[in-house]
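Open the model in your viewer and keep the sequence panel beside it. This tour goes stop by stop, with something to select at each one.

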Amino acid sequence: MTEDELDAETAFSLLADETRVAIVRELGAATASPETGIPHLSYAELQARVDIRDSGRFNYHLTKLLGNYVAKESDGYRLRWPGMVLYRTLVAGLLTEEASALDDTSVGTDCHRCGEPIEISLYETLVRVRCRACDATYTDIYLPSHGLTDRGVEDLVPAVHRRSRTILGAMTAGQCPWCARAVSPDVHDGGPLPSHHDTRDLDAYAVYHCTDCTGFQYAPVSQVLCFEPVAIAFYHDRGYDLTAIPAWELGWAVTDRTTDVLERDPWRFSVCVPLDGEELVVELDQRLDVVDSTVRP
Ligand SMILES: [Zn+2]
Ligand SMILES: [Zn+2]
């Protein structure tokens, strides 16, 4: 390890002081502010913003952050990239805030399993889109508490969709959304789903698991089509934006009702996507890559 590299213990111990956290927060806020929009603060300005009179103490803590989280340049002090990541974590409320309360609210779609309303609810810090009557869970996603504040239900539902799409989209594109490691899908044979809170009965499902950072998602194999150009174009050609439609509204995506298992070793699937009286039929291989597609009336 070179002197510039930061080991995890040092990275965490550097933050064991509220003045240092305040310095990161103020440098980040100055960069983010549309008024200043400047990445640098002078020593005096930074001290004033951190609101600490004791110059010796301020200087001591600022010096501790130099090199790792903060850079000193001719224009003043600015956050280095790890400092910026830390600031974003603070803003997202990952370290500091409790998730705000969210009453169970209908998302306006009925359960594809039992017909009762699908509801959105908060469980610890996870947002769940599920049917309370039969426990089918259609989305289970971490949404930073910052994303929950000041949002009414009508804004929250699309926000949860976008968040969920971002996470699963990264996984289906082959990259862990949290640590950037390469991931590939593992197809699992039916049985109980990884989440005990999900009672959907699926013949097969795809698991994306990052063994480096614990990043994890699973989905019916048909749901990968929400990210495939062939399905996006099929919707687009008929006047719809597939990327804007929450998965829980798409029965073909969140159940396996229109998925046929053609072969098990290696896996091969046929997925039928119905829309306005036509059908897109797509064949997927064991990597869940599209190998064939046709549109039929
Ligand atoms: Zn249900
Ligand atoms: Zn990862």
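Select the zinc ion (ligand 1) in this predicted model. The angles among the four donor atoms run from 96 to 116 degrees, so the arrangement is tetrahedral. Along the chain these donors follow the spacing C-x2-C-x16-C-x2-C.

Cys 114 sits in the loop between strand S3 (105-110) and strand S4 (117-123). Cys 134 sits in the loop between strand S5 (126-131) and strand S6 (137-142). The two cysteines are 20 residues apart, and the pair links distant parts of the chain. Are they buried or exposed? Cys 114 has 36% relative accessibility, so it counts as partly exposed. Cys 134, at 16%, counts as buried, because buried means under 20%.

Stay with strand S6 and select Thr 139, which lies in it. Thr 139 is buried, with a relative accessible area of 6%. What does it touch, beyond its neighbours within four places in sequence? Its contacts are Val 127, Arg 128, Val 129, Val 160, Ser 164 and Trp 248.

Select Arg 128 next, one of those contacts. Side chains of opposite charge can pair when their charged atoms come close. Arg 128 forms a salt bridge with Asp 140, with the closest N and O atoms 3.1 Å apart. Asp 140 is in strand S6 and Arg 128 in strand S5, twelve residues apart. Arg 128 counts as buried at 6% relative accessibility, whereas Asp 140 counts as partly exposed at 26%.

Move to the zinc ion (ligand 2). Its donors are Cys 176 (SG), Cys 179 (SG), Cys 210 (SG) and Cys 213 (SG), at 2.2 to 2.3 Å. This site is tetrahedral, with angles of 100 to 116 degrees among the four donor atoms. The spacing of its donors along the chain is C-x2-C-x30-C-x2-C. Find Cys 179 in the loop between helix H6 (153-172) and strand S7 (186-189). Then find Cys 213 in the loop between strand S8 (204-209) and strand S9 (216-220), 34 residues apart from Cys 179. Cys 179 counts as partly exposed at 35% relative accessibility. Cys 213 also counts as partly exposed, at 25%.

Asp 212 counts as exposed at 56% relative accessibility, while Arg 181 is partly exposed at 31%.

For another pair, select Glu 73 and Arg 78, joined by a salt bridge of 2.9 Å, N to O. Glu 73 counts as partly exposed at 33%, and Arg 78 is partly exposed at 25%. How many salt bridges does the structure hold? It holds twelve.

Zoom out to finish. Colour domain 1 (8-92) and domain 2 (223-296), as the domain assignment gives them. Their C-alpha centres lie 48 Å apart. The protein chain has eight helices and 13 strands. Its C-alpha trace spans about 75 × 45 × 35 Å along the principal axes. Of its 297 residues, 43% are buried.

Definitions and conventions
Residues numbered from 1 in each chain as written. Chains lettered and ligands numbered in written order. Predicted model: local features only at pLDDT ≥ 70, side-chain atom pairs only at ≥ 80, totals over all residues. Heavy atoms only, no water. Donors = N, O, S within 2.8 Å, 3.2 Å for Na, K, Ca; no water. Tetrahedral: all angles 85-135°; square planar, octahedral: opposite > 155°, others 65-115°. Helix = DSSP H or I, 4+ residues; strand = E, 2+ residues; numbered from the N terminus. Buried < 20%, exposed > 50% of the residue type's maximum accessible area, 1.4 Å probe, protein only. Domains from an automatic or database assignment. Contact = heavy atoms within 4.5 Å. Salt bridge = Lys/Arg side-chain N within 4 Å of Asp/Glu carboxyl O.
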